[in-house]
Amino acid sequence: MSASTPPSSLTDDYTRRIAEDLVANRGEQERVRDELTRLRAELSQLEESEHVLVKMQQVLGADGASAAKHGKETTAVPKARRTAGEADTDRSSRGAEPSAAPGSGSTATAGRNAGEPTWRELTVQYLAGADGPRSAAEVSAALAEAHPHRQVQLTVVRSALEQGVAQARLERSKQGRSVFYSPAPAAAASFQETAAESP
């Protein structure tokens, strides 16, 4: 039987099977990559939400021992996954937070003098005038350039952005693993009216 099968026919059969297996393998790789990307984006969102929730818990004056206990339980894993640069940013922002107005505990007012707008106000104002959604890093860089006399920290800006989302003044959207912010329709309309009234 094997003697009657031409060698070229066997080669064609193996070539076809290998090609089919290769297509199936690549399709499975693509599926796994998509799932990995989705899980990374979900993890990133959860880490950001956790950071905001911890800050809000501190702002609301939760019991110190309870807050510390919950903080240690919820932040142990994400902190281990952060890069060295993010860890340095976190440490520097924690060192700067006590400079906020006494008793306020809010990152929205951190590092500002009396009469100056809060970080939340600055982020909402900047995004209302922007021509599209911006990431926290882009907002932070723009505010640092516009307000060189104030110490701009990414974690503080991200907190302010999340507070804007919580107050329905901003909207959050995801593109792949990245999170972008834009003004809520009402906030954008209010900014345009204010801009039109300005001399």
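Modeller: From the N terminus on, the elements run α-α-α-α-β-α-α-β-β-α. That is seven helices and three strands. Both are DSSP runs numbered from the N terminus: helices are H or I with at least four residues, strands are E with at least two. This is a predicted model, and residues are numbered from 1 along each chain as its sequence is written. Local features need pLDDT of at least 70 and side-chain atom pairs count only at pLDDT 80 or more, while totals for chains, interfaces and linings use all residues; side-chain values use heavy atoms, with hydrogens and water left out.

The part to look at is helix H5, residues 136–146. Its buried residues are Ala 136, Val 139, Ser 140 and Leu 143. Seen down the axis of H5, they fall within an arc of 100°, so they line one face of the helix. The arc is taken from the directions from the helix axis to the C-beta atoms. Buried means under 20% relative accessible area, exposed means over 50%, and partly exposed is in between (1.4 Å probe, protein chains only).

What does that face meet? The buried residues of H5 pack against helix H4 (119–129), strand E1, helix H6 (154–166) and strand E3 (178–183).

Take Val 139 in H5. Val 139 counts as buried, at 0% relative accessibility. A contact means heavy atoms within 4.5 Å. Leaving aside neighbours within four places in sequence, Val 139 is in contact with Thr 123, Tyr 126, Leu 127, Arg 134, Val 157 and Leu 161. Tyr 181 is 42 residues from Val 139 in sequence, yet the two C-alpha atoms are 8.9 Å apart.

Now the loops on either side of this region. Side chains of opposite charge can pair when their charged atoms come close. Here a salt bridge is a side-chain nitrogen of Lys or Arg within 4 Å of a carboxyl oxygen of Asp or Glu. By that rule there are eleven salt bridges. One of them joins Arg 150 to Glu 116, with the closest N and O atoms 3.8 Å apart. This pair links distant parts of the chain: Arg 150 sits in the loop between H5 and H6, Glu 116 in the loop between H3 and H4, 34 residues apart. Both Arg 150 and Glu 116 are buried.

Helix H6 takes part as well. Glu 162 pairs with Arg 172, and their closest N and O atoms are 2.3 Å apart. Glu 162 lies in H6 and Arg 172 in strand E2 (residues 170–175), so the pair ties together parts that are ten residues apart in sequence. Glu 162 is buried at 4% relative accessibility. Arg 172 is partly exposed at 34%. Between these two elements lies a loop that holds Ala 168. Ala 168 has a positive phi of about 65° although it is not a glycine. Ala 168 is exposed, at 55%.

Next, helix H1, residues 7–59. Asp 13 and Arg 17 meet at 3.5 Å, N to O. They are four residues apart in H1, about one turn of the helix. Both are partly exposed: Asp 13 at 25%, Arg 17 at 45%. Ile 18, also in H1, is exposed at 56%. With Leu 10 and Tyr 14, Ile 18 makes a nonpolar surface patch of about 330 Å². Such patches take residues with over 30% relative accessible area and no salt bridge; nonpolar side chains (Val, Leu, Ile, Met, Phe, Trp, Tyr) are joined within 5 Å, like charges within 9 Å.

For the whole chain, buried residues make up 30% of the 199 residues. Of the contacts with a separation of 6 or more, 57% are between residues 24 or more positions apart.

How far to trust it? pLDDT is the predictor's confidence in each residue, from 0 to 100. The chain averages 74, and 63% of the residues score at least 70. Confidence is highest in E1 (residues 134–135), at a mean of 91, and lowest in H3 (residues 84–96), at 47. Residues 74–81 fall below 50, and that stretch has nine contacts beyond near neighbours in sequence. Residues 87–109 are also below 50, with 31 such contacts in the model.

Terms used: Areas by Shrake-Rupley, 256 points an atom, 1.4 Å probe, with all protein chains shown as cover.
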